[in-house]
Amino acid sequence: MFSIVKRASLIMSSSPLSKLASDPSNRLIRVSEKLAVLSRHLRLYNPPPNSDITDAKERMIEETTGKVVSQLGFVESATPVARQLDRFHQPKRAAVLICLFEGEDGDFRVILTKRSSNLSTHSGEVSLPGGKADEGDEDDSATAMREANEEIGLNPSLVNVVTVLEPFMSKHLIRVIPVIGILSEKKSFRPVLNYNEVESIFDAPLEMFIKDKNRRSEEREWMGVKYLVHYFDYETDNGKYLIWGLTAGILIRAASVVYQRHPSFVV
């Protein structure tokens with residue numbers, strides 16, 4: 001399949017390197033052509049129907065091994081247990097922000113956080129900005145943006161929300177909606193961390209989540225269903241990070257959508 005990155009490079013060869021757009025405050029901002037192409041691509045994205053989430057190869061693996069191997073990982077519609085949840089109770093809802101920007105090398109990068117070690121759950125783990133929905137949130141995008149603002153000081157006016165992905169189900173039975181937003185001016189974002197929730201902030205190349213480098217996996221069981229947990233090791237100048245579990249699953253799916261190709265490993 002013709003990837004979004006290749007399409008962007010062709011357009012850039014015959015178009016200006018950037019264009020002007022305006023944010024809600026009427027401030028002109030410069031948007032790279034690659035980000036503009038990505039935004040147009042993602043706005044056209046439609047989540048696959050439940051019956052078409054896995055292709056023939058993945059269905060064959062599921063039938064022979066008993067593993068949930070859909071690209072989506074813990075995606076709700078691919079998890080047999082999750083499909084039965086509404087019969088018993090309505091899962092709580094949450095949203096996370098997949099905030100993408102263009103790195104200095106022209107790659108797409110995603111903002112991640114390391115949770116505070118003082119938190120009662122998932123302390124010290126890498127996560128995407130986000131959290132549970134409040135009654136006052138208009139939609140999932142509002143939830144994700146509100147949480148990102150509260151956690152890392154990301155002003156909603158800097159982010160252009162372009163699409164949402166399929167719901168994921170956490171092991172705590174929370175329905176998590178991934179929201180993809182584009183940060184056109186990375187330099188305009190000056191993080192202000194809420195240290196009660198976030199210990200540090202960093203970014204990583206999105207494409208790493210469909211590559212097999214620095215990755216490992218292990219089989220686990222959740223409510224009688226076998227599945228694979230993926231672990232990605234990532235190192236920056238400021239430290240080493242382990243990205244795994246639901247966060248890794250969401251980023252695998254996001255990278256697959258952005259780059260329009262399957263991961264180079266079984267998920």
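Is glutamate 147 buried or exposed? Glutamate 147 is buried, because its relative accessible area is 9%, and buried means under 20%, exposed over 50% and partly exposed in between, with a 1.4 Å probe and protein chains only. Before we go on, note that this is a predicted model, where local features need pLDDT of at least 70, side-chain atom pairs count only at pLDDT 80 or more, and totals for chains, interfaces and linings use all residues. Residues are numbered from 1 along each chain as its sequence is written, and side-chain values use heavy atoms, with hydrogens and water left out.

Let's stay with glutamate 147 for a moment. You'll find glutamate 147 in helix H5 (residues 140-152); helices (H or I, at least four residues) and strands (E, at least two) are DSSP runs, numbered from the N terminus. If we skip neighbours within four places in sequence, glutamate 147 is in contact with Gly130, Gly131, Lys132 and Glu197, where contact means heavy atoms within 4.5 Å. Glutamate 147 also belongs to a network of salt bridges that links Asp134, Asp137, Arg146, Glu147 and Glu150.

So what's a salt bridge? A side-chain nitrogen of Lys or Arg has to be within 4 Å of a carboxyl oxygen of Asp or Glu. Side chains of opposite charge can pair when their charged atoms come close. By this rule, the count comes to 14 salt bridges.

Take lysine 114 and glutamate 199, whose side chains meet in a salt bridge at 3.6 Å, N to O. This pair links distant parts of the chain, 85 residues apart: lysine 114 sits in strand S5 (residues 108-115) and glutamate 199 in strand S11 (residues 198-205). Lysine 114 is partly exposed, at 24% relative accessible area, and glutamate 199 is partly exposed too, at 34%.

Another salt bridge joins glutamate 207 to arginine 261, with the closest N and O atoms 2.5 Å apart. Here again distant parts of the chain are linked, 54 residues apart: glutamate 207 is in the loop between S11 and strand S12 (215-222), while arginine 261 is in the segment after helix H6 (245-259). Glutamate 207 counts as partly exposed because its relative accessible area is 25%. Arginine 215 and aspartate 212 form a salt bridge as well, their closest N and O atoms being 2.6 Å apart.
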